Amino acid sequence: MARFLSRAGTNIDDLERQLARVGSNENENDTSADEANLHAAAGKVAGETTALLTGDHAQYTQIGMRGDAGGRKRRDEHRSGGVRKLGTWDGVFMPVMLSIWGILVYVRMGYFLSQVGVAGTVASFVCGYLTTTMTTLSISAISTNGTVKGGGPYYMLSRSLGPEFGGSIGLMFYAGTLLSAVLNTVAFVEPLLSNFGQAQGDVSHLFPEGTNWHILYSSILFTLCTVVCLTGAQVFARASTVLSTFIIASTGMILLSFAARQPFVDVEKSVYYTSWSMDTFRENLWPDLRPIAEGRPSETIGSVLGVLFPACIGIMAGASMSASLRKPSKSIPKGTLWAVLLTFVLYMAIVLCLGATTRRVTLRENFNVLQEINVLPIIVPVGAIITGVTSTLSGVLSSASVLQAIAKDDLFAFLRPLKQRAGSDSMTRAILTTYAFGQMAFFVGDTNAVAPFTTMFNLIMFAFVNLACLVLKLAASVNFRPTFHYFKAWTACLGALGCFTIMCVVDVVSALVSTGVVTVLFLYVHYTCPPKAWGDVTQSLIYHQCRKYMLRLDLRKDHVKFWRPQILLLVHNPRSSLQLIRFCNALKKGGLYVIGHVIKGDFHLMLPEFRLQEAAWLKLVDVLRVKAFVNLTVAPSDDQGARSIAFGAGLGGMRPNIVVLGFLNRGLEAQASGEALPTDEIRLNDPIDAMSYVRIIEDVMAMGKAVGVAYGFSKLELFPTGGASSDTVLPLAGAAAGNKQYIDLWPIQIGTATVRPAGGQHSAYLTNFDSYVMVLQLGTVLHLVPYWARRFTLRVMCFVEHQCDVAEEARRVAKLLRDLRVDAELHVHHLRDSGLATYDEARVA
């Protein structure tokens with residue numbers, strides 16, 4: 001008995017595991033280094049270092065675990081070395097049970113019954129336990145989906161669900177754990193003052209009372225617990241057996257007192273104990289919401305539920321012990337579910353017994369009712385105080401451990417100051433940061449004020465755990481195959497909906513703010529965090545959704561009204577085509593953009609070069625921040641390679657309809673630039689010959705695609721970096737100098753035939769306007785990009801042969817521009833105008 005009690009509970013055993021990391025003088029291996037070795041081992045499982053409290057001597061010993069050893073052999077080796085791994089009973093069941101069985105049992109059970117009655121309290125516990133049970137099923141699915149390593153809930157969630165979910169849920173888990181510690185610290189003062197307060201002390205009259213004194217006592221306890229976490233951890237760990245014994249004994253005495261206590265009345269303390277009475281049960285059955293003090297508003301179902309729900313949390317305690325378990329994937333679901341079931345039964349027993357034996361006036365006016373009716377009154381405050389102290393210590397260490405793990409993973413830039421030097425496993429900075437946040441939280445108020453915040457952060461964490469598991473299930477990831485068969489998509493959905501529903505019942509505004517905070521954290525990690533080799537559940541969901549909607553994108557349903565440019569850009573030298581790549585990125589405007597490149601040579605000989613260039617081109621896309629796919633091919637010649645890319649680019653209904661290639665210029669040199677590109681070291685082909693160049697154009701036109709020939713882009717000068725805005729796609733020199741800039745469109749009619757009707761007054765043009773309209777459309781699309789819209793004006797330049805046709809052409813094109821909703825200046829010139837000798841003269845006219 002003494003042996004397993006020393007490992008019982010998040011309040012006790014998880015505390016010992018955390019204290020060993022802080023109090024040990026020996027240096028442990030850095031977790032991030034182990035993780036790096038894990039990814040570099042190509043399937044081999046790296047050893048992890050775990051600190052365990054052993055036997056009756058409470059010695060901390062470091063042991064190495066190897067994931068490929070047999071279960072029985074590994075257990076024998078641990079036992080022979082004097083270190084015993086934990087099983088379901090002492091490693092998960094007792095920690096979870098004592099973590100759920102918190103201080104609210106001692107100080108707020110009367111409050112629950114007095115406000116919402118027996119029926120409301122039972123219903124509240126059923127709702128709370130329903131959400132925690134569904135979350136337990138989700139945690140069980142994660143823990144049985146592959147090997148579970150040490151690192152606690154954050155490590156398990158982040159490595160299973162990816163950095164976005166791991167980081168956002170991890171910070172919520174940190175906040176919830178910290179607030180649980182704050183809640184236990186604040187609640188600790190109530191039994192302290194009820195027994196030792198100057199005004200209401202039953203045992204002695206030592207401590208002054210009042211709001212400021214309450215905050216001071218909470219602050220002192222939190223400070224002492226923090227000092228113990230930093231310096232004297234092992235002293236407290238050795239006393240864990242005695243402390244856990246008191247908690248279990250006080251719980252047993254509460255249940256025993258209902259059977260052994262005779263009816264009595266204490267008018268001075270407003271205690272009316274009737275023992276078992278159906279009248280008392282009927283009196284306490286239904287809700288009767290009233291203010292808990294004069295001058296305060298009446299309580300609501302939401303406010304009561306916000307205080308009650310922290311009594312249902314604590315299911316993560318088993319996952320926190322994952323590094324110390326023999327079989328985490330078996331022990332975590334089994335031990336957690338049995339602990340949830342047992343605590344629910346105990347809660348229901350106390351609710352029914354208290355509701356059937358104690359009058360409502362006592363429940364409403366004396367929150368210390370469990371002590372007043374106990375056959376051994378002193379054991380209840382002792383159990384409450386010990387629970388408060390141990391829970392505070394465990395909360396400080398657990399939350400600091402999570403904060404340090406998040407900082408070490410480098411998910412949030414603002415947590416980088418908390419990272420310890422390489423090779424150090426000290427949590428000093430994380431503990432001090434947690435201490436600072438905890439001290440600020442004491443100004444929130446009493447237990448009823450702190451509990452709703454604890455509820456909200458834990459609910460949002462549970463909700464997103466269920467949501468992430470639901471995403472895994474719906475995405476049909478082939479590697480998500482948990483051996484825990486009771487997890488289903490509907491259980492995760494029910495858990496997430498239950499959490500969000502309770503959040504809205506407690507406080508709608510706080511629920512929306514909490515959800516928004518998690519969403520912001522998720523997006524922050526998604527867009528700023530460096531890539532992590534953990535796997536990402538969002539990628540599985542994106543793949544699933546993309547495949548589904550790609551199948552629904554039918555080419556046969558394509559319509560000209562929804563046409564958009566889908567560009568294939570064929571690039572020879574990325575250095576000289578840098579500005580063209582950026583220009584096409586702006587021109588696509590939400591369409592498909594593929595960058596193609598041909599590697600000339602023998603297929604088998606060029607495969608290594610292909611792999612190197614593919615990585616370099618992908619990095620180039622990231623550096624330039626263009627939204628493009630990369631399509632490389634190996635072919636004997638440029639025209640064959642271009643044909644292969646044009647045929648194979650895209651998928652389903654997303655295929656290029658415009659192929660852009662640079663102007664044929666065999667003597668063009670790469671533009672000099674100070675910025676280094678990932679593709680600077682790739683092997684370049686010989687310049688393309690004229691015959692291959694023409695063949696590419698012929699092949700593309702034969703495929704029914706439009707052809708764009710780019711000229712002069714290599715000569716464009718980049719605007720200075722400091723003057724470019726974040727949405728600059730092609731910052732041109734002179735754009736900010738005050739000069740008026742234009743996007744000139746030169747639509748040309750191809751294959752026109754002129755018909756002169758009788759009278760010869762009007763001209764009718766019978767022509768195919770595909771090319772004509774596409775030029776206007778492309779210019780309009782480019783002008784929709786914010787950078788180009790702010791700095792440039794759209795201008796249409798047209799030519800006719802005779803001066804007499806200028807007015808008619810201007811009228812006709814102006815009508816076309818109105819019909820197409822193209823906002824542009826119109827200039828019409830005639831070929832016989834001797835004053836327009838060059839393009840530049842026409843441009844400035």
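**A close look at one leucine**

Guide: Happy to! Please keep in mind that this is a predicted model. Let us begin with Leu459, which is found in helix 21, the stretch of residues 447-474. Is Leu459 buried or exposed? Its relative accessible area is 0%, and because anything under 20% counts as buried, Leu459 is buried.

What does Leu459 touch? Leaving aside residues up to four places away in sequence, Leu459 touches Phe309, Cys499, Ile502 and Met503. Another way to see how the chain comes back on itself is to take Leu459 and Thr501: they are 42 residues apart in sequence, yet 9.7 Å apart in space, going from C-alpha to C-alpha.

Now widen the view to the helices themselves. Helix 21 packs with helix 22 (residues 489-506) at an angle of about 155 degrees, and their axes are 8 Å apart. Angles over 145 degrees count as roughly antiparallel, so helix 21 is roughly antiparallel to helix 22. The crossing of these two helices is left-handed. Sorted by class, the contact of helix 21 with helix 22 has 17 nonpolar, four polar and one charged residues.

The axes of helix 9 (residues 163-196) and helix 23 (residues 508-528) come within 8 Å and cross at roughly 140 degrees. That angle makes helix 9 oblique to helix 23. The crossing of helix 9 and helix 23 is right-handed. In this contact, Pro163, Glu164, Phe165, Ser168, Leu171 and Met172 of helix 9 meet Val517, Val518, Leu521, Phe522, Val525 and His526 of helix 23. The residues of that contact divide into nine nonpolar, two polar and one charged.

Side chains of opposite charge can pair when their charged atoms come close. How many salt bridges are there in this model? The count comes to 16. One of them joins Arg108 and Glu190, whose closest N and O atoms are 2.8 Å apart. Arg108 lies in the loop between helix 6 (104-107) and helix 7 (109-143), while Glu190 lies in helix 9, so the pair ties together parts that are 82 residues apart in sequence. Arg108 has 3% relative accessibility and counts as buried, whereas Glu190, at 21%, counts as partly exposed.

Arg575 counts as buried at 12% relative accessibility, and Asp680 counts as partly exposed at 35%.

Arg643 and Asp699 also meet through their side chains in a salt bridge, at 3.1 Å from N to O. Here Arg643 is in helix 27 (residues 638-648) and Asp699 is in helix 28, and the two are 56 residues apart. Arg643 counts as partly exposed, with 30% relative accessibility. Salt bridges can share partners too, and in this way Asp288, Arg290 and Arg364 are joined into one network.

Gln115 has its place in helix 7, and at 1% relative accessibility Gln115 counts as buried. Not counting residues up to four places away in sequence, Gln115 touches a group of residues that includes Asp288, Arg290 and Arg364. Among its other contacts are Pro287, Leu289, Ile292 and Glu299.

Finally, let us step back to the whole chain. The secondary structure comes to 32 helices and 14 strands. Of the 845 residues of the chain, 51% count as buried, and Leu459, where we began, is buried as well. Among contacts with a separation of 6 or more, residues 24 or more positions apart account for 78%.

Conventions: Residues numbered from 1 in each chain as written. Predicted model: local features only at pLDDT ≥ 70, side-chain atom pairs only at ≥ 80, totals over all residues. Heavy atoms only, no water. Axes fitted to C-alpha atoms, helices over the stretch in contact; angles between N-to-C directions. Helix = DSSP H or I, 4+ residues; strand = E, 2+ residues; numbered from the N terminus. Parallel < 35°, antiparallel > 145°, perpendicular 65-115°, else oblique. Left-handed = near helix turned anticlockwise from the far one by under 90°. Contact = heavy atoms within 4.5 Å. Nonpolar A, V, L, I, M, F, W, Y, C, P; charged D, E, K, R; others polar. Buried < 20%, exposed > 50% of the residue type's maximum accessible area, 1.4 Å probe, protein only. Salt bridge = Lys/Arg side-chain N within 4 Å of Asp/Glu carboxyl O.
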